[in-house]
Amino acid sequence: MSSLTHFDERGQAHMVDVAAKPATHRVAIATGRIEMLPETLALIESGSAKKGDVLGVARIAGIQAAKKTSDLIPLCHPLALTRVAVEFATQPADEAAGTAPQVLCMATVETVGPTGVEMEALTAVQVALLTVYDMCKAVDRGMTITGVRVLEKHGGKSGSFVAD
């Protein structure tokens with residue numbers, strides 16, 4: 001593992017200079033999930049939540065969050081994103097596996113530039129899942145967001161990463 005790039009030789013935080021790096025096609029895919037009560041999942045799937053289309057609103061929130069990542073994470077570069085896709089899948093409880101009912105979220109973010117888009121993909125997932133929580137908290141305050149991570153990253157000098 002290389003040294004941390006967001007610190008200068010004096011140990012002070014700084015934004016990494018990417019001016020000399022070539023622009024390449026970069027892709028990151030992140031995932032996460034929110035666990036909930038069966039009744040909450042049923043509301044989401046039926047579209048009968050009081051605040052409306054939970055997953056539709058969460059998709060837009062995730063896309064918007066990816067575009068605003070540099071406003072939220074202090075040392076992230078503002079990027080011209082070429083694609084942001086946020087997808088959801090619902091899963092009922094699986095007693096054999098010991099899992100609760102859940103909504104899975106996957107965000108794919110792309111750009112052509114000198115730095116990667118992992119942070120944008122992670123931000124999209126987190127904000128999309130927070131939006132699900134916000135829209136359903138009136139019926140289920142015990143929801144848990146978990147498992148947020150980068151699944152894949154492609155492009156740039158360090159090449160590809162695919163999680164186990």
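Let me start with contacts, meaning heavy atoms within 4.5 Å. Among contacts in the protein between residues at least 6 apart in sequence, 71% join residues at least 24 apart. This is a predicted model: local features need pLDDT of at least 70, side-chain atom pairs count only at pLDDT 80 or more, and totals for chains, interfaces and linings use all residues. Residues are numbered from 1 along each chain as its sequence is written, and side-chain values use heavy atoms, with hydrogens and water left out.

Now the overall layout. The protein has 4 helices and 5 strands. Helices (H or I, at least four residues) and strands (E, at least two) are DSSP runs, numbered from the N terminus. Along the sequence the pattern reads β-α-α-α-β-β-α-β-β. The C-alpha atoms fill a box of roughly 50 × 30 × 30 Å, taken along the principal axes.

Next, the sheet. In what order do the strands of the open sheet stand? The order is β2-β3-β1-β4-β5, with antiparallel pairing. Two strands pair if DSSP finds at least two bridges between them. β2 (81–91) and β5 (161–162) stand at the edges with a single partner strand each, so one side of each has no neighbour in the sheet.

Take the pairs in turn. β2 and β3 (residues 102–113) run antiparallel, joined by 10 bridges. There, F88 has C105 in β3 as its bridge partner. β1 and β4 (residues 144–154) pair over 8 bridges, again antiparallel. I29 stands opposite E152 in β4. β4 and β5 are antiparallel too, over 2 bridges. K153 is partnered by F161 in β5. These two strands, β4 and β5, form a hairpin with 6 residues between them. In its turn, G155 has a positive phi of about 105°.

Is T108 buried or exposed? Buried, because its relative accessibility is 8%. The cut-offs are under 20% relative accessible area for buried, over 50% for exposed, and partly exposed in between (1.4 Å probe, protein chains only). Beyond its neighbours within four places in sequence, T108 is in contact with V27, A28, I29, R83, V84 and A85.

On to the helices. α2 (residues 54–67) lies across β2 and β3, at about 145° to β2. Axes are lines fitted to C-alpha atoms, for helices over the stretch in contact, and angles run from 0 to 180 degrees between N-to-C directions. The axes of α2 and α4 come within 7 Å and cross at roughly 145°. Residues of α2 that meet α4 include V54, A58, A61 and A65.

How long is α4? The helix has 19 residues (118–136), and its end C-alpha atoms are 27 Å apart, which agrees with the 27 Å it should span at 1.5 Å a residue. That expected span is 1.5 Å times one less than the number of residues. Among the buried residues of α4 are L122, V125, L129 and V132.

Last, the core. A nonpolar core is a set of buried Ala, Val, Leu, Ile, Met, Phe, Trp, Tyr and Cys residues joined through side-chain atoms within 4.5 Å. The largest one has 30 residues. M36, I44, V54, V86, F88, V103 and V132 have the most contacts inside it. Which helix gives the most to this core? α4, with 9 residues. As for V103, its contacts beyond four places in sequence include M36, I44, F88 and L129.
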